[in-house]
Amino acid sequence: MPNVEAVIPMDILIVDDSRAMRNFLRKSLAMTGLAIGTIHEAANGEEALALLEHVGVQVIFSDINMPVMDGVVFVTELARRDMMRTTPVIVVSSDSSTERSQQILALGASSYLTKPFSPEMLESEVSRLLPETVLEKDGGWR
Amino acid sequence: MSKLVTSPVTISDALGVALERVLETMFFTEPIPVTAEGRHHTDDAHACLLRCGGAVRGSFGVVIDGPALEALCCAFYGEDAVSLEQQDDLIGELTNMLAGAALGSYLPSRSCALSSPWLAAAEQVLAEPDEIERTVEIEGGLLSLRCAIEVGSAGTNGI
């Protein structure tokens with residue numbers, strides 16, 4: 001019998017100025033085998049930072065091109081606050097250039113995911129970034 | 001056009017690759033290529049534009065028949081019916097993804113800045129004579145991706 005421990009679903013923050021993309025990410029995550037808890041949303045980096053003062057999340061998905069505070073400044077600010085040491089940040093962008101992905105990863109982001117992407121790619125990235133966790137269809141994050 | 005970096009694919013081919021990748025991966029739709037002669041958009045077609053800067057300067061435009069946009073929107077949101085607001089949001093996101101995917105195929109090593117997309121009249125987008133275009137048929141009608149771009153020197157920026 002498998003060692004079943006208390007399961008805590010992952011809380012997630014999606015940072016994107018596009019309602020369509022926030023909605024798509026939300027639905028794509030629901031299609032994966034990951035146990036998802038609360039999904040928080042922010043329309044830019046500034047909103048996200050304000051939200052993170054009150055809630056804790058296990059993974060952050062962030063766009064790059066956003067008004068008010070873009071993804072580059074947001075990731076830089078997360079690094080300055082030492083938040084990425086404990087919370088993986090997956091940057092999602094339509095810019096698939098190696099120049100851009102190297103820039104973002106150098107800032108400290110955990111992963112760079114290029115649009116278009118599938119739910120399987122999302123699941124693969126989260127699983128890769130949280131190897132110490134057990135991610136199962138009917139299980140969760142322990 | 002001053003082309004300082006050689007791309008292994010033409011921009012026309014890059015548009016085709018972008019349409020195929022984006023539609024198949026995120027909309028679960030298999031596009032069928034349509035020749036220029038067979039491209040006749042409906043009167044209710046929607047359109048969207050964005051500018052690009054950085055390694056490539058110019059613009060991208062998307063024109064899509066009304067029923068096709070509605071069908072794509074339903075596939076994207078996983079809903080049977082969608083609002084006009086959702087359709088407006090989606091055509092902007094679609095334009096962004098198609099432009100990004102096309103530039104990624106055309107110049108994979110160079111970063112380009114994309115502006116926020118904005119809605120436009122289909123006639124305005126289709127009226128540009130010098131643009132390169134690829135059109136595909138999807139459920140509900142036609143989708144055209146157009147662009148007029150110029151490859152700049154490294155270090156330039158601004159959109």
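Predicted model: local features only at pLDDT ≥ 70, side-chain atom pairs only at ≥ 80, totals over all residues.
Residues are numbered from 1 along each chain as its sequence is written, chains are lettered from A in the order in which they are written, and side-chain values use heavy atoms, with hydrogens and water left out.

**Largest pocket**

- The largest pocket holds about 410 Å³ of space, where a pocket is, on a 1 Å grid over the protein atoms alone, an open set of points where a 1.4 Å probe fits, with protein on both sides within 12 Å along at least five of seven lines, and the volume is the space filled by probe spheres set on the points.
- Its lining (residues with an atom within 4 Å of a point) comprises 24 residues, of which A:Asp17, A:Ser18, B:Glu93, B:Ser116 and B:Pro117 lie nearest the centre of the pocket.
- At least two lining residues each come from α1 (19-31) of chain A and from α3 (84-106) and β5 (118-120) of chain B, helices (H or I, at least four residues) and strands (E, at least two) being DSSP runs numbered from the N terminus; α3(B) gives the largest share, 5 residues.
- By class, the lining has 8 nonpolar, 8 polar and 8 charged residues, with Ala, Val, Leu, Ile, Met, Phe, Trp, Tyr, Cys and Pro counted as nonpolar, Asp, Glu, Lys and Arg as charged, and the others, Gly among them, as polar.

**Aromatic residues**

- Over all chains there are 4 aromatic pairs, a pair being rings of Phe, Tyr or Trp (its six-membered ring) with centres within 6.5 Å, stacked if the planes are under 30 degrees apart, edge-to-face if over 60 and tilted otherwise.
- The rings of B:Phe76 and B:Tyr77 are edge-to-face, because their planes stand at 90°, with centres 5.6 Å apart.
- B:Phe76 is buried at a relative accessible area of 2%, and B:Tyr77 is likewise buried, at 2%, where buried means under 20%, exposed over 50% and partly exposed in between (1.4 Å probe, protein chains only).
- One aromatic cluster is formed by A:Phe24, A:Phe117, B:Phe27, B:Phe76 and B:Tyr77.

**Helix α1(A) and chain A**

- The 13 residues of α1(A) should span 18 Å at 1.5 Å a residue, which agrees with the 18 Å between its end C-alpha atoms; the expected span is 1.5 Å times one less than the number of residues.
- Buried residues of α1(A) include A:Phe24, A:Leu25 and A:Ser28.
- Chain A has 5 helices and 5 strands, in the sequence pattern β-α-β-α-β-α-β-α-β-α, and 52% of its 142 residues count as buried.
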